[in-house]
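Look at the structure first, then read the points below.

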Amino acid sequence: MTADRGRTMAVVPVRDATLPPGGAEAVAEAGGVALLAGGGAEDAAAELRGSARLLLVWESPEFQPGRWARAVAGACAAADLVLLPACPDGRDLAPRLAARLGRPLLAGAVRVGPGYAVLPRDGDRRAVRVGITGPAVVTLRPGVGGAAPVRPEARCSVRRIGPAGAARDPGEARVVAVRVPEPGAADLSEAERVVVGGAGLLGGPDGGAAAFAALSEVARALGAAVGGTRAAAEAGLVAPERRVGATGVRVSPELHIAVGVSGAPRYLAGTGDPAHVVAVDRDPGSPMMAAADLGLVTDAPGLLAALARMLRDEAAPGTAADAVGDG
Ligand SMILES: Cc1cc2nc3c(=O)[nH]c(=O)nc-3n(C[C@H](O)[C@H](O)[C@H](O)COP(=O)(O)OP(=O)(O)OC[C@H]3O[C@@H](n4cnc5c(N)ncnc54)[C@H](O)[C@@H]3O)c2cc1C
């Protein structure tokens, strides 16, 4: 079925009736026209009512990128530009879909406009504008666009599709298990919670190694991804690709905890619009404090060490009382 006659269409992989990070943004970039594929796609479509115009939904509980590409290619072939969120499933599906459609793939764009995409290069140090001169598939990094505003009165047409060519191929890649990554490895741009360490952790004889280890322990307990400011990345305490900010990874979490981070404009420009911001700093007048809902004015390495100790003691019952005291 070829339902889209417009020039841009989003293809959004859905799991358990939930849109992936960047899914709503891809739909907004596509002008509200999208194909949602996956388990609970029709329920996920409800999230987009009021912000989407035309939604094609294909129920397919098991993610199989090769099969999905074959299945949905016909439905989006009429769109010149096919946009996918650069979430894990989107990144798996996009190259297969591009190959199926015989188009180039522009991966991990931070902006898409008429006839161009902006792609980060050199570990996000540079942004390159690439011309799009014909039909293309583009993956869009989550957190860079923003979802379309909801207009409750807007009409949205939802159509179920049963694409052809969706037969299962036993030789194809399939998902065996989905594992939650360690905080140090979790994708920052998609994380709902981030804990970021800054230059305020770098003091001490070890240059901040112990403070960052404690930060990771705290982040793991919170189910949060770990990042660093430019100062922390330059000190080697986080990998360069985990540097948050205007020229690093752009995050868009629900919860942002900044520890020993001053909140410089170049940093704040990459932190999105979180619902909750916690700042830990010894300077009550720092810009990060001004941006926070909760500010803790204290020595950050000391606080992290105390929290990490408490977590360890909690994991070893019977000693929790010893943990409280010197933080
Ligand atoms: C072109 C350009 C691009 C840039 N891009 C980025 C970017 O993408 N990301 C980025 O992060 N930066 C970027 N920067 C750098 C940015 O301007 C800031 O210099 C940087 O963000 C500062 O990092 P920081 O907050 O860790 O350090 P600082 O600004 O030095 O802040 C450290 C904070 O820790 C506090 N502190 C110190 N000791 C303690 C303690 N013991 N306990 C508690 N608090 C303490 C201090 O009060 C201070 O608030 C860019 C700069 C330029 C020029």
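An automatic or database domain assignment divides the protein into domain 1 (8–160) and domain 2 (188–323). This is a predicted model, in which local features need pLDDT of at least 70 and side-chain atom pairs count only at pLDDT 80 or more, while totals for chains, interfaces and linings use all residues. Residues are numbered from 1 along each chain as its sequence is written, and side-chain values use heavy atoms, leaving out hydrogens and water.

**The two domains**

- The C-alpha centres of domain 1 and domain 2 are 32 Å apart.
- Domain 1 gives 11 residues to the contact and domain 2 gives nine residues, where contact means heavy atoms within 4.5 Å.
- Between them the domains bury about 710 Å², with 48% of it on carbon and sulfur atoms; buried area is the accessible area (1.4 Å probe) that two parts lose on being put together, summed over both.
- On the side of domain 1 that touches domain 2, six residues are nonpolar, one is polar and four are charged. Here Ala, Val, Leu, Ile, Met, Phe, Trp, Tyr, Cys and Pro count as nonpolar, Asp, Glu, Lys and Arg as charged, and the others, Gly among them, as polar.

**The ligand**

- There are 25 residues around the ligand, and Ala199, Thr229, Thr247, Ser262 and Asp281 come nearest (a heavy atom within 4 Å makes a residue near).
- A backbone N or O atom of Ala199 is 2.7 Å from a ligand oxygen atom.
- A polar side-chain atom of Asp299 lies 2.8 Å from a nitrogen atom of the ligand.

Key:
Polar contact = N/O pair within 3.5 Å; in protein donor to acceptor, adjacent residues only side chain to side chain.
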